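Colleague: I would like to go through how to read a few features of this model. Please give the general idea, then the case here.

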Amino acid sequence: MLRTDLSGRTALVTGSASGVGRGIALALAEGGASVAVHYHSSEAEAQATAEEAEERGAPAATTVRADVTDEAAVDAAFDAVEEELGSVDVLVNNVGDFAPDHWAAQDVADWRRVYETNLVGTMLCARRALPAMREREWGRIVNVGYASAEKGLVSPKNFPYFAAKAGVLMFTRMLAADTQDDGVTVNAVSPYVVETSDEFPEDAPRGRWATVDDLAQVVRFFCDDASGYVSGENVEVDGGWLPEDV
């Protein structure tokens, strides 16, 4: 694991009670960051992740509950983190619902949920984190995309998710340009299938699925002081997968 020094930094990882978010939060804790573990409904799992974060090296860790699609809830969550751990230096936007059914079988509520958790939530959290980052002239925002989304990946199944993730990657590039004079970098990491996923296709690139550590390595690279000139980038952690049949 890349040994990024995040001593004195505070990291907030959305959706970090379990899965990919949990692994990223623990990796940042190992780098010395204080960690805020965000959850929506998995309180017990979030508390367990926070306790493990402290065991892994975080000077402090806390949990925070919020619906990331609700602006007032996002503001309240950041207020709570700032009061307990200090201003957020590292924001990882990991939350994003999945909709694996055929597009025509999904109702409007499904489409809205996928768009809002993936794209609106990412925007609200980034917008709330930015003022303090700009004031300190240092900040790292990492958004979680999806492999090949920026290449125009489309499929009748799960289309709202692909569209939302394409929007996340466009937002990433826009925000990188908007913060280029502020000491803030904005990047994305885009997995294909991860070991914690709910569904697994028949064939895995390179004979295995991505591990959480595969993604966490990229996140820690983006957060390193030495990576301050890397912004607006998207790293696909997909083993070389080509979406020829999705």
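Colleague: Leaving aside its neighbours within four places in sequence, what is lysine 165 in contact with?

Modeller: This is a predicted model, where local features need pLDDT of at least 70, side-chain atom pairs count only at pLDDT 80 or more, and totals for chains, interfaces and linings use all residues. Residues are numbered from 1 along each chain as its sequence is written, and side-chain values use heavy atoms, with hydrogens and water left out. Contact means heavy atoms within 4.5 Å. With those neighbours set aside, lysine 165 touches Asn118, Val144, Gly145, Tyr146 and Ala149.

Colleague: Is lysine 165 buried or exposed?

Modeller: Buried means under 20% relative accessible area, exposed over 50%, partly exposed in between (1.4 Å probe, protein chains only). Lysine 165 has 3%, so it counts as buried.

Colleague: Which side chain does asparagine 93 join in a polar contact?

Modeller: A polar contact is a pair of N or O atoms within 3.5 Å; within protein, one must be able to donate a hydrogen and the other to accept it, and residues adjacent in sequence count only if both atoms are side-chain atoms. The partner of asparagine 93 is the side chain of asparagine 143, at 2.8 Å. Asparagine 93 is also buried, at 2%.
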